[in-house]
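The following exercises concern the protein model shown below. Each task is followed by a solution in steps.

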Amino acid sequence: LAPRFRHRRVPRGQHVAIWATNVPEWIVLQHATARIGAVLVTINPAYRPFELKYVLAQSDAVALVLVDRFKTSDYFSMLAEVCPELATAPPGKLAAAEYPMLRWVVSIKGDTPAGAISWGELLERGEAVDRRRLAEREKQLSATDPINIQYTSGTTGFPKAATLSHRNLLY
């Protein structure tokens with residue numbers, strides 16, 4: 001997955017959000033973003049549309065990776081509510097006024113909504129990526145580089161972003 005994100009031109013330091021329950025793809029995504037120097041933004045699976053809207057706007061994520069649903073929460077419907085532009089956007093070319101950095105939406109499971117690509121499509125694209133370029137990027141990384149942004153429960157109504165480094169996650 002790391003070469004595919006590299007192929008998608010996710011520069012070092014850019015943010016990739018995940019809105020999902022505990023699925024295997026989460027671990028793969030965590031490792032892939034770490035290898036290219038991107039920052040994984042974790043979005044609480046219990047968030048409602050107003051919280052999703054806040055985190056997407058505040059995090060400056062260039063991509064959102066999500067599952068279709070959990071319990072009674074339909075994530076695709078909630079995303080459509082806060083980002084109606086997705087329905088008419090070509091995949092990879094999302095242009096939402098409220099989320100100026102967000103370009104990609106990737107569906108981990110379920111039917112892929114219009115404007116998004118599936119996890120499988122993400123894996124298929126970029127097969128020809130030069131792995132030497134990935135190795136070069138990895139050599140530039142440091143243990144103190146940011147790797148995650150986790151949102152804590154906020155006492156003032158909105159979650160607070162906490163940035164963690166590679167080292168923070170290991171210790």
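**Exercise 1. The aromatic pair**

Y75 has a relative accessible area of 0% and is therefore buried, where buried means under 20% relative accessible area, exposed over 50% and partly exposed in between (1.4 Å probe, protein chains only). The model is predicted: local features need pLDDT of at least 70, side-chain atom pairs count only at pLDDT 80 or more, and totals for chains, interfaces and linings use all residues. Residues are numbered from 1 along each chain as its sequence is written, and side-chain values use heavy atoms, with hydrogens and water left out.

*Task.* Determine how many aromatic pairs the structure holds, and state which parts of the chain the pair ties together.

*Solution.* 
- Step 1. Rings of Phe, Tyr and Trp (its six-membered ring) pair if their centres lie within 6.5 Å; planes under 30 degrees apart count as stacked, over 60 as edge-to-face and the rest as tilted.
- Step 2. One aromatic pair is present in the structure. The ring centres of W19 and Y75 are 4.1 Å apart and the planes meet at 20°, so the pair is stacked.
- Step 3. Because W19 belongs to strand β1 (residues 15-19) and Y75 to helix α4 (residues 75-82), the pair ties together parts that are 56 residues apart in sequence. Helices (H or I, at least four residues) and strands (E, at least two) are DSSP runs, numbered from the N terminus.
- Step 4. W19 has 0% relative accessibility and so counts as buried.

**Exercise 2. The surroundings of V67**

*Task.* Locate V67, and decide whether V67 is buried or exposed. Which residues does V67 touch?

*Solution.* 
- Step 1. V67 sits in the loop between β3 (61-66) and β4 (69-70).
- Step 2. The relative accessible area of V67 is 0%, so this residue is buried.
- Step 3. With residues up to four places away in sequence not counted, V67 touches W19, A20, T21, V23, Y75, F76, I108 and K109; contact means heavy atoms within 4.5 Å. Both W19 and Y75 of the stacked pair are thus among the residues that V67 touches.

**Exercise 3. Positive phi and H15**

*Task.* What are the phi values of D60 and K71, and where does H15 lie?

*Solution.* 
- Step 1. Most residues other than glycine have a negative phi.
- Step 2. D60, not a glycine, has a positive phi of about 60°. D60 occupies the loop between α3 (49-59) and β3 and is partly exposed, at a relative accessible area of 39%.
- Step 3. K71 has a positive phi near 50°. K71 lies in the loop between β4 and β5 (73-74) and is exposed, with a relative accessible area of 70%.
- Step 4. H15 is in strand β1 and is buried, at 18%. The residues touched by H15 include D60, A61 and I149.

**Exercise 4. The whole chain**

*Task.* How many helices and strands does the protein chain have, and what percentage of its residues count as buried?

*Solution.* 
- Step 1. The secondary structure comprises seven helices and nine strands.
- Step 2. Of the 171 residues, 48% count as buried.
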